[in-house]
Amino acid sequence: MRVLVGGGTGFIGTALTQLLKARGHEVTLVSRKPGAGRITWNEAFQKEVLSSRLETTQMLARAIAKAPQSPQVWVLVTGVAYYQPSLTAEYDEDSPGGDFDFFSNLVTKWEAAARLPGDSTRQVVVRSGVVLGRGGGAIGHMLLPFRLGLGGPIGSGHQFFPWIHVRDLAGILAHALEASHVQGVLNGVSPASSTTNAEFARALGAALGRPALIPLPSTVVQAVFGRERAVMLLEGQKVVPRRTLAAGYQYSFPELAAALKEVIA
């Protein structure tokens with residue numbers, strides 16, 4: 001296939017591009033920097049539009065809708081912030097959400113902006129959890145304090161921590177592109193859905209051979225990140241990839257210990 005990847009030079013986009021090329025697909029990147037195998041915007045348009053994910057998504061959706069030959073498939077990556085944080089609830093792709101705070105409303109608007117009229121183009125939305133991988137993602141900010149033995153749970157540590165290895169997120173996206181039966185929402189999270197923040201901290205400490213006993217108080221998190229962003233760290237959701245598994249995707253890293261071992265190797 002010929003695949004156009006938005007954000008193709010970023011952490012997730014790079015992993016996806018490498019996987020698609022290895023599978024024989026032709027990849028063109030939408031990038032702010034011009035170069036071979038890339039398309040970019042002129043400067044004035046860049047400044048006007050690229051500051052807003054919603055406007056960029058709407059622009060791409062309009063281009064698809066007007067294309068003389070419709071693309072076979074249109075895949076959007078959003079986030080599990082769509083689901084309301086809870087210490088007890090379990091969410092799959094059919095669970096309600098998207099209407100309780102800034103981030104959940106952003107996901108709702110983002111997915112709505114991507115929606116295409118008609119059915120000439122197959123549409124898939126992947127709601128991603130916290131992405132783990134070498135050279136980027138959440139781990140990049142955590143490794144130093146954990147290597148120094150200063151890591152630990154964030155806040156109470158009881159909140160769920162929906163995670164996914166970057167190779168599996170890229171794999172789910174490639175599966176969504178290649179498998180013609182896949183459509184609608186897929187949760188881009190590991191099957192290990194019951195992982196809590198404290199369990200993640202202990203597993204990362206164990207992978208590094210370091211203790212992970214020093215908690216980061218919620219008041220400090222709020223002071224550093226601000227109240228709205230702190231919510232994403234202090235609260236979490238138990239998200240299960242029911243439709244992702246039913247669609248036939250086979251995980252490379254379904255368990256946390258193996259995922260972390262690969263990340264820090």
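Student: In what sense do β7 and β8 pair, and over how many bridges?
Tutor: Strand β7, which covers residues 130–133, pairs with β8 in the antiparallel sense over two bridges. Strands here are DSSP runs of E of at least two residues and helices are runs of H or I of at least four, numbered from the N terminus, and two strands pair if DSSP finds at least two bridges between them. This is a predicted model, in which local features need pLDDT of at least 70 and side-chain atom pairs count only at pLDDT 80 or more, while totals for chains, interfaces and linings use all residues. Residues are numbered from 1 along each chain as its sequence is written, and side-chain values use heavy atoms, with hydrogens and water left out.

Student: What stands opposite Leu132?
Tutor: Gly137 in β8 stands opposite Leu132.

Student: And which strands make up the open sheet with mixed pairing?
Tutor: That sheet has three strands in the order β8-β7-β9. Its edge strands, each pairing on one side only, are β8 (136–137) and β9 (163–165).

Student: How many bridges join β4 to β6?
Tutor: Seven bridges join β4 to β6 (residues 122–128), and Val75 stands opposite Val124 in β6. Between β6 and β10 there are five bridges, again in the parallel sense, with Val126 opposite Leu186 in β10.

Student: Why is β10 described as largely enclosed?
Tutor: Four of the five residues of β10 are buried, so the rest of the structure largely encloses this strand. Buried means under 20% relative accessible area, exposed means over 50%, and partly exposed lies in between, with a 1.4 Å probe and protein chains only.

Student: Changing topic, which residues of α7 are buried?
Tutor: In α7 the buried residues are Asn197, Ala198, Phe200, Ala201, Leu204, Gly205 and Leu208. Seen down the axis of α7, they fall within an arc of 160°, so they line one face of the helix; the arc is that of the directions from the helix axis to the C-beta atoms. On the other side of α7, Arg202 and Ala206 are exposed.

Student: What covers that buried face?
Tutor: The cover over the buried residues of α7 includes β7, α5 (139–147) and α11 (256–264), where contact means heavy atoms within 4.5 Å.

Student: At what angle do α5 and α7 pack?
Tutor: They pack at about 65°, with their axes 10 Å apart. Ile139, Met142, Leu143, Phe146 and Arg147 of α5 make the contact with Phe200, Ala201, Leu204, Gly205 and Leu208 of α7.

Student: Is Ala207 buried, partly exposed or exposed, and what does it touch?
Tutor: Ala207, found in helix α7 (residues 197–208), counts as partly exposed because its relative accessibility is 32%. Not counting residues up to four places away in sequence, Ala207 touches Leu260 and Ile264.

Definitions and conventions. Axes are lines fitted to C-alpha atoms, for helices over the stretch in contact, and angles run from 0 to 180 degrees between N-to-C directions.
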